[in-house]
Amino acid sequence: MKKKVIPVIVALVLIAVVAAVGFGRKLLDKYSYSKEQADLDAYFEVAEGELAIILQDEMIPRKAVLKGDVVYFDLDTVHACFNEGFYADINEQKLLYTTAEDTAAALFGAGEYSDREGAHATAYTVCYAEGEKVYVAADYVRLFTNYSYTKYDRQLQVYTQWGTKRTAEVAKDTQVRLLGGIKSPILREVEAGERVEVLEEMETWSRVKTSDSIIGYIENKRLEEWGEETETPVTDYAAPEYTSVSMPGKVILGWHSIGGVGGNDTLGAMAAEGKGLNVIAPTWFSLTDNEGNFRSFASSQYVEQAHGQGLQVWGVWDDFNYKNETGADVNVYQVLSYTTKRQRMVQVMVDTALDLGLDGINIDFENIKEESSTHYIQFLKELSVLCRRSGLILSVDNYVPFHFNNYYRLDIQGQIADYVVIMGYDEHWHGSGDPGSVASIGYVSNGLDKTLEQVPARKVVNALPFYTILWKTEGLEVTDQYITLANVDEYLQRLNITPEWDETTCQNYAEWQSGAATYQIWVEDVDSIRVKLNVMSTKGVGGVAVWRLGYGTAEAWELVAAFSGM
């Protein structure tokens with residue numbers, strides 16, 4: 001019997017030992033630290049010649065390029081992360097950077113750049129292109145931008161902001177892991193005494209960044225000597241200040257629509273209409289071709305006469321009148337996207353203005369599409385530099401801002417221009433087939449609010465419509481006609497129509513039938529103009545413009561003069 005029991009006992013002991021070993025292995029697997037090394041190429045998602053970008057304390061979904069020892073960013077990254085002032089001309093293979101005072105230019109593939117002071121050699125290729133993609137040397141970006149970068153094997157640490165950071169010292173040799181947990185792969189070994197930046201402290205683990213900008217997790221029990229460190233900001237670059245010329249008091253501008261040289265003879269009558277007027281803007285210049293040439297109705301005698309009446313003269317350059325008059329195929333993009341054409345046009349504008357004795361330039365480019373946005377803004381920057389040097393006032397006309405036309409970049413215009421003019425009308429416009437107000441008070445007020453979010457109030461000039469539109473709807477056909485402020489009362493009286501005040505639009509409104517046609521009119525008159533001027537006064541804008549001289553009434557101009565403080 002005894003002999004039979006012994007083998008059973010042995011078997012049971014062996015089973016128990018095997019079970020204990022298995023259980024021990026499970027415990028060991030559960031509580032032991034993984035030694036698996038993370039694939040850093042996969043972690044940083046980099047290929048040969050690429051560097052991951054750690055911006056502040058986050059790895060962003062963009063890459064830098066390494067050519068030899070030189071770091072490059074693609075231009076989209078430069079714009080998004082550092083400085084949107086760099087402008088690339090793909091046509092002429094140039095990279096430009098325009099400040100308040102000058103433009104620095106570098107040819108693609110060149111080891112130098114030039115400005116007013118001459119050529120400046122660099123120890124690297126400033127920029128290059130691969131197809132439509134432009135790359136800019138990180139060190140060149142630093143010439144115009146306050147930021148720092150440090151290059152490591154696979155990653156680039158970049159700082160554009162500085163403050164304080166929380167740090168801790170590693171108490172014992174340990175690892176930084178991909179995730180919080182002892183089974184997570186190891187990103188990096190860290191030695192006792194090394195300090196890490198603590199990005200986020202959790203219950204048992206903390207998210208940290210090492211001295212070589214590897215971001216991962218470390219156990220709290222491995223950290224000691226917690227504290228804060230003040231970061232030292234980079235202040236190497238000081239951008240030249242955008243100075244502005246301001247009129248004494250508010251701008252009271254009237255556009256003088258001139259369709260030929262003979263139109264200059266009407267200056268006396270137009271100026272006499274505008275009580276309070278201190279700026280007259282003749283529509284003299286219009287783009288004629290894709291080379292940047294303009295036709296001109298300008299007259300130096302007109303300027304002398306206007307100055308004799310105490311008026312400043314801001315010549316208007318537009319991109320549509322000549323095209324509308326002649327049907328010429330004028331493509332603004334073709335002019336603005338070539339640096340040679342654009343800069344020649346800018347120089348001609350300024351030279352012409354100085355030769356005529358003008359006080360300012362008024363840009364009225366209304367055919368800008370989104371594809372032309374960066375070229376248009378570069379044009380305005382270059383023009384602003386020459387205007388600033390020459391003592392000319394630069395004003396720029398704009399539509400009422402909405403999300404669909406924000407590429408006109410009022411924020412940048414607010415920096416570089418002396419005055420930003422908002423054409424506070426065309427809520428419903430001639431030929432739109434959509435009856436409605438030309439400029440309801442909500443449209444005007446909201447447009448000014450959006451503008452004032454981006455432009456200093458003293459630079460904002462709101463333009464009023466001294467006209468209205470009469471709408472005719474017959475069946476599915478909608479037609480319209482302009483009626484000026486000077487004529488609208490007589491027109492309605494002749495038809496025996498009495499409009500009534502509409503509190504929503506803050507305009508007098510009338511609607512009537514004639515045969516099968518329905519007529520509607522949202523009247524611009526002294527009542528509606530008074531409300532608009534009151535809103536403008538409350539918002540503290542820098543002036544008022546009127547489209548156009550010859551359309552107004554004495555009563556309306558009295559209101560304008562009161563707005564100006566006369």
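Let me start with helix α12, residues 441-452, in this predicted model.

Next, which residues of α12 are buried? They are Ile441, Tyr443, Val444, Ser445, Gly447, Leu448 and Thr451. As a reminder, an α-helix has 3.6 residues a turn, so residues three or four places apart point the same way. You can follow that on the screen with Val444, Leu448 and Thr451, which are among the buried residues. What do the buried residues of α12 pack against? Two of the partners are helices, α11 (410-416) and α14 (526-539). The others are strands, β27 (419-423) and β28 (460-465).

Now some backbone details. Asn496 is not a glycine, yet its phi is positive, about 60°. Asn496 sits in the loop that runs from α13 (485-494) to β31 (500-502). Is Asn496 buried or exposed? Asn496 is exposed, because its relative accessible area is 68% and the cut-off for exposed is over 50%.

Cys506 also has a positive phi without being a glycine; the value is near 55°. Its place is the loop between β31 and β32 (507-514). Cys506 is buried, because its relative accessible area of 11% falls under the 20% cut-off.

Arg548 belongs to the loop between β34 (543-547) and α15 (554-564).

Now the whole chain. The protein chain has 15 helices and 34 strands. A compact globule of 566 residues would have a radius of gyration near 24 Å, whereas this chain has 34 Å. Along the principal axes, the C-alpha trace spans about 135 × 65 × 45 Å.

How many of the 566 residues count as buried? The figure is 51%. On contacts, take the pairs of residues at least 6 apart in sequence: 66% of those contacts join residues at least 24 apart.

Finally, surface and charge. The accessible surface of the protein chain comes to about 26,600 Å², and carbon and sulfur atoms account for 49% of that. There are 48 positive and 81 negative side chains, and the centres of the two sets lie 13 Å apart.

Key
Residues numbered from 1 in each chain as written. Predicted model: local features only at pLDDT ≥ 70, side-chain atom pairs only at ≥ 80, totals over all residues. Heavy atoms only, no water. Helix = DSSP H or I, 4+ residues; strand = E, 2+ residues; numbered from the N terminus. Rg over C-alpha atoms; globule rule 2.2 N^0.38 Å. Buried < 20%, exposed > 50% of the residue type's maximum accessible area, 1.4 Å probe, protein only. Contact = heavy atoms within 4.5 Å. Areas by Shrake-Rupley, 256 points an atom, 1.4 Å probe, with all protein chains shown as cover. Lys, Arg positive; Asp, Glu negative; His and termini not counted. Charge placed at Lys NZ, Arg CZ, Asp CG, Glu CD. Expected span 1.5 Å × (residues − 1).
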